[in-house]
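Please look at the sequence and the three-dimensional model shown here. The report below is meant to be read beside them.

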Amino acid sequence: MRSRVLSGMRPTGALHLGHYHGALKNWVRLQEQHDCFYFVADWHALTTHYEEREVIEKNVYEMVIDWIAAGLDPDKSTIFIQSRLPEHAELFTLLAMGTPLGWLERVPTYKDQIDKLKDRDLATYGFLGYPLLQAADILIYKATYVPVGEDQSSHVELTREVARRFNHLYGRMGGFEARVAAALARLPKDDQRYYDRQRKAFGETGSAEAWGKGEALVRRAAAAIEGWTDDQTELLLGHLRGSGKAILVEPQALHTEVLRLPGLDGTKMSKSYGNAVLMRDEPAEVSRKIKGMTTDPARVRRTDPGNPEKCPVWDFHKVYSDDTTKNWVIEGCTSAGIGCLDCKQPVIDAILREQQPWRERAAELTADPKKVHWIVEMGTERARTVARQTMKDVRDAMGLGY
Ligand code: TRP
Ligand code: SF4
């Protein structure tokens, strides 16, 4: 079975090359192997930009265009908008009931961001709760993998804790013991005794071997016994673990090794710093921006040798150039054999080549806004089917099934 992947992005501006190389490229790759859900995190954007509704409104569909331009294929990936699925808010509310305040206050991004974004008032309830909303986004799709930057690790870790706590508190509800017994009764007597032994060993020592043996037995039963249900598999695995049934799934963060693409001035690429090359910048604009890029400050004159390691243009070469070009840069820069404009030209050419298919796909969608809306509509309905089922399980588990 394909694993489920989920990730989201905040619609706060046109996407740039940093977004592409840092995240989107990986999203595109993942859709070939996994069942991928990608969403526009518009509520998340409101946690910091609640006073700027225009920013978000303008960027929602534009961001979806950037995604598809980059190669996300709506036939392979489910693309949707968070706020179209109130189920996310419902799960957030229900999880909020039992989530200790300290868990949220301790998330490192919380204090960091408040310090960093001094011009905004982030002493809000929504901002504190933001990682829990993210947990709801992930858990509602029972995602196995969450591709995110390192800065988001703590949010995925919180998500795991929230899921664990939920399963612990509510996984035994709804006649859990009786349903476990009914499932167990379907196994041959020897297997029942074997399962009990592994469960006992795992409970006492946490032995991975006991867990593995018990799990293998349950999987074998699932494959062999006629009419066995997924629910029964989960019941027996939950009982084996001693945590009750796993209603919510603990996800894993997926950090893919990415080459960092700095901004034009060598600091982090960000639209708000004005140092970004946008995915859909016109060729003339790309050329102008790269030509104006900061270089090794030691190369004041054309005749001064430079050091690529001190130059952000070199980081671009690492992403865009082959070995031959890279050797030409090192040789030419350190010997003052080439000028900085010469050095930048292959980068400009490579970006324009990379942008070509993006430009074509984006042009098609910009000319046909109905198509973009329709893609999002389809994705939203697909997502809703999954989200509804999870909410039903969650409500039942919490005693709200009436
Ligand atoms: N917090 C993420 C960011 O700022 C965006 C996001 C929201 C997200 N919900 C998510 C990412 C769920 C992964 C999974 O980049
Ligand atoms: Fe940077 Fe290239 Fe100029 Fe060297 S030659 S300083 S690597 S732009």
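Predicted model: local features only at pLDDT ≥ 70, side-chain atom pairs only at ≥ 80, totals over all residues.

Residues are numbered from 1 along each chain as its sequence is written, chains are lettered from A and ligands numbered from 1 in the order in which they are written, and side-chain values use heavy atoms, with hydrogens and water left out.

**Overall fold**

The chain has 17 helices and five strands, taken as DSSP runs (helices H or I, at least four residues; strands E, at least two) and numbered from the N terminus. Its C-alpha trace spans about 85 × 45 × 40 Å along the principal axes, and 47% of the 402 residues count as buried (under 20% relative accessible area, with exposed over 50% and partly exposed in between, for a 1.4 Å probe and protein chains only). The domain assignment, automatic or from a database, gives domain 1 (4–169 + 247–260 + 368–397), domain 2 (173–241) and domain 3 (280–367); the C-alpha centres of domain 1 and domain 2 lie 34 Å apart.

**Nonpolar cores**

A nonpolar core is a set of buried Ala, Val, Leu, Ile, Met, Phe, Trp, Tyr and Cys residues joined through side-chain atoms within 4.5 Å. The largest has 53 residues, and those with the most contacts inside it include Trp67, Ile290, Phe316 and Ile351. Helix α3 (residues 53–70) supplies the largest share of this core, nine residues. Because domain 1 and domain 3 both give residues to this core, it lies between them. A second, separate core of 39 residues includes Phe37, Leu104, Leu158 and Ala163.

**Helices α9 and α12**

Helix α9 (residues 176–184) packs against helix α12 (residues 230–241) at an angle of about 110°, with the axes 9 Å apart; axes are lines fitted to C-alpha atoms over the stretch in contact, and angles run from 0 to 180 degrees between N-to-C directions. The two helices are therefore roughly perpendicular to each other, the term for angles of 65 to 115 degrees.

**Positive phi values**

Two residues other than glycine have a positive phi, as tabulated here.

Terms used:
Parallel < 35°, antiparallel > 145°, perpendicular 65-115°, else oblique.
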